[in-house]
Amino acid sequence: MVERLQCPEGLRLLLTPNRSLSWKGNIRVWLCLFAVSAVTTTGFSLAGAWVIIPFAGLELIALASGIYLTSRDCQRREVLTIDDTDIHIEKGRERKQAEWTLPRRYARLRVNAPEHPFAPAKLALTHRDMDVPLGQFLNIDDTTILVELLESRGVAIERKEPDSKIGLWF
């Protein structure tokens, strides 16, 4: 998602992944699946198929791990601030973990066109040998909004088409 933040010096954007559920919602889904699995496992155990118990436990552990990693990955944030002289990028999860400052006058937004029509373009802010990926988690609509916002603020856009796949289909 692309969200505009209040900034008197220029434009400040908060970029975050789309989150379908909160952490509490994810816990509720896991608890419901745990209850279904517990009932099913108990039934099979009472019928004599007790060997199912470790597999049900492994399944629930794998599911909990997947939910945790996905939820953790959805906590990424990028803050992009554009003022009269600089473009400032901050990335992190719960706190700032990395930051870059590029001179606005010489920075370029490279837009690599997607190879597939349902994929979003890949964005990167570049200056000399510095290449900072931007909004890798954004969907197609949010990527388009971000490119339009940056273009309206005077950031130079460099568009690249995907390499042709010669000989892919025989």
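Helix H1 is followed by Gly 48, whose phi is positive, near 105°. Helices (H or I, at least four residues) and strands (E, at least two) are DSSP runs, numbered from the N terminus. The model is predicted: local features need pLDDT of at least 70, side-chain atom pairs count only at pLDDT 80 or more, and totals for chains, interfaces and linings use all residues. Residues are numbered from 1 along each chain as its sequence is written, and side-chain values use heavy atoms, with hydrogens and water left out.

**Exercise 1.** Work out how H1 and H2 run relative to each other, and list the residues that make their contact.

*Solution.* Step 1: axes are lines fitted to C-alpha atoms, for helices over the stretch in contact, and angles run from 0 to 180 degrees between N-to-C directions. Step 2: the axes of H1 (residues 23-46) and H2 (residues 52-73) come within 10 Å and cross at roughly 170°. Step 3: angles over 145 degrees count as roughly antiparallel (under 35 is roughly parallel, 65 to 115 roughly perpendicular, the rest oblique). H1 and H2 are therefore roughly antiparallel to each other. Step 4: with contact meaning heavy atoms within 4.5 Å, H1 contributes Trp 23, Asn 26, Trp 30, Leu 33, Phe 34, Ser 37, Thr 41, Phe 44 and Ser 45. H2 contributes Ile 52, Ile 53, Ala 56, Glu 59, Leu 60, Leu 63, Ala 64, Ile 67, Tyr 68 and Ser 71.

**Exercise 2.** Name the buried residues of H1 and a helix that helps to cover them.

*Solution.* Step 1: buried means under 20% relative accessible area, exposed over 50%, and partly exposed in between (1.4 Å probe, protein chains only). Step 2: the buried residues of H1 are Gly 25, Asn 26, Ser 37 and Thr 41. Step 3: what covers them includes H2.

**Exercise 3.** Classify the aromatic pairs of the structure.

*Solution.* Step 1: rings of Phe, Tyr and Trp (its six-membered ring) pair if their centres lie within 6.5 Å; planes under 30 degrees apart count as stacked, over 60 as edge-to-face and the rest as tilted. Step 2: the structure holds 2 such pairs. Step 3: the ring centres of Trp 23 and Tyr 68 are 6.3 Å apart and the planes stand at 80°, so this pair is edge-to-face. It links distant parts of the chain, with Trp 23 in H1 and Tyr 68 in H2, 45 residues apart. Trp 23 is partly exposed at 43% relative accessibility, and Tyr 68 is partly exposed at 45%. Step 4: the rings of Trp 30 and Phe 34 have centres 5.5 Å apart and planes at 25°, so this pair is stacked. Trp 30 and Phe 34 both lie in H1, 4 residues apart, about one turn of the helix.

**Exercise 4.** Decide whether Lys 91 and Arg 128 are buried or exposed.

*Solution.* Step 1: Lys 91, in strand E4 (residues 86-92), has a relative accessible area of 17%, so it is buried. Step 2: Arg 128, in the loop between strand E7 (122-127) and strand E8 (130-134), has 79% relative accessibility, so it counts as exposed. Step 3: Arg 128 also has a positive phi of about 55°, although it is not a glycine.
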